[in-house]
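User: Please take a close look at the pockets in this model.

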Amino acid sequence: MTEIERKYLIRNLDELRPLLVNGTKIKQGYLFTTPEKSCRIRIKGDRGFITIKIGESALIRFEYEYEIPLNDAESLLQTCQRVLSKSRYEVYVEGYTWEIDVFEGKLDGLVVAEIELTDVDERFLVPTWVGEEVTYYPSYLNVNLINRL
């Protein structure tokens with residue numbers, strides 16, 4: 001499946017904070033990474049997932065995600081060198097779901113917003129709390145953020 005995703009920093013966290021309700025805790029690590037592909041293990045709440053992403057562009061990649069037993073995800077996370085923790089919130093704006101990731105631990109203070117689209121040229125309302133687009137900055141990909149841990 002093709003994933004088209006744009007990523008932004010948050011301009012005004014005070015304005016966004018009241019919208020951050022019912023977040024889900026996420027822990028994730030990577031079994032392997034190369035510049036053009038990765039295999040991620042994630043525990044989201046009480047569910048486990050394995051995800052393969054292929055593609056060098058941060059805007060458009062192939063993504064294959066499958067739910068796996070929670071015990072398997074916990075076991076696989078144990079094999080990862082580093083594990084990233086964050087809380088994810090969904091905020092709905094004008095028919096779109098914005099995923100807001102609030103990072104924890106050494107990445108505390110980093111908050112990013114992601115929006116998935118069906119077309120690279122798709123137009124959408126950018127909320128006032130959204131700041132600089134960082135889609136094309138590889139340092140903001142989770143696969144690279146984990147290296148800061």
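How do the residues of the lining of the second largest pocket divide into nonpolar, polar and charged?

Analyst: This is a predicted model, in which local features need pLDDT of at least 70 and side-chain atom pairs count only at pLDDT 80 or more, while totals for chains, interfaces and linings use all residues. Residues are numbered from 1 along each chain as its sequence is written, and side-chain values use heavy atoms, with hydrogens and water left out.

The lining of the second largest pocket divides into 8 nonpolar, 8 polar and 5 charged residues. Here Ala, Val, Leu, Ile, Met, Phe, Trp, Tyr, Cys and Pro count as nonpolar, Asp, Glu, Lys and Arg as charged, and the others, Gly among them, as polar. A pocket is an open set of points on a 1 Å grid over the protein atoms alone, with protein on both sides within 12 Å along at least five of seven lines, and lining residues have an atom within 4 Å of a point. The second largest pocket holds about 270 Å³ of space, where a volume is the space filled by probe spheres set on the points, and grid points are joined across faces, edges and corners. Its lining has 21 residues, and Thr34, Pro35, Leu141, Val143 and Asn144 are the closest to its centre. Two or more lining residues come from each of strand S2 (24-34), S3, S4 and H3; helices (H or I, at least four residues) and strands (E, at least two) are DSSP runs, numbered from the N terminus.

For reference, the largest pocket has about 450 Å³ of space. Its lining comprises 5 nonpolar, 4 polar and 14 charged residues. Of its 23 lining residues, Glu3, Arg40, Lys53, Glu63 and Glu116 lie nearest the centre.

Terms used: 1 Å grid on protein atoms, 1.4 Å probe; cavity = no way out; pocket = protein on both sides within 12 Å on 5 of 7 lines; lining within 4 Å.
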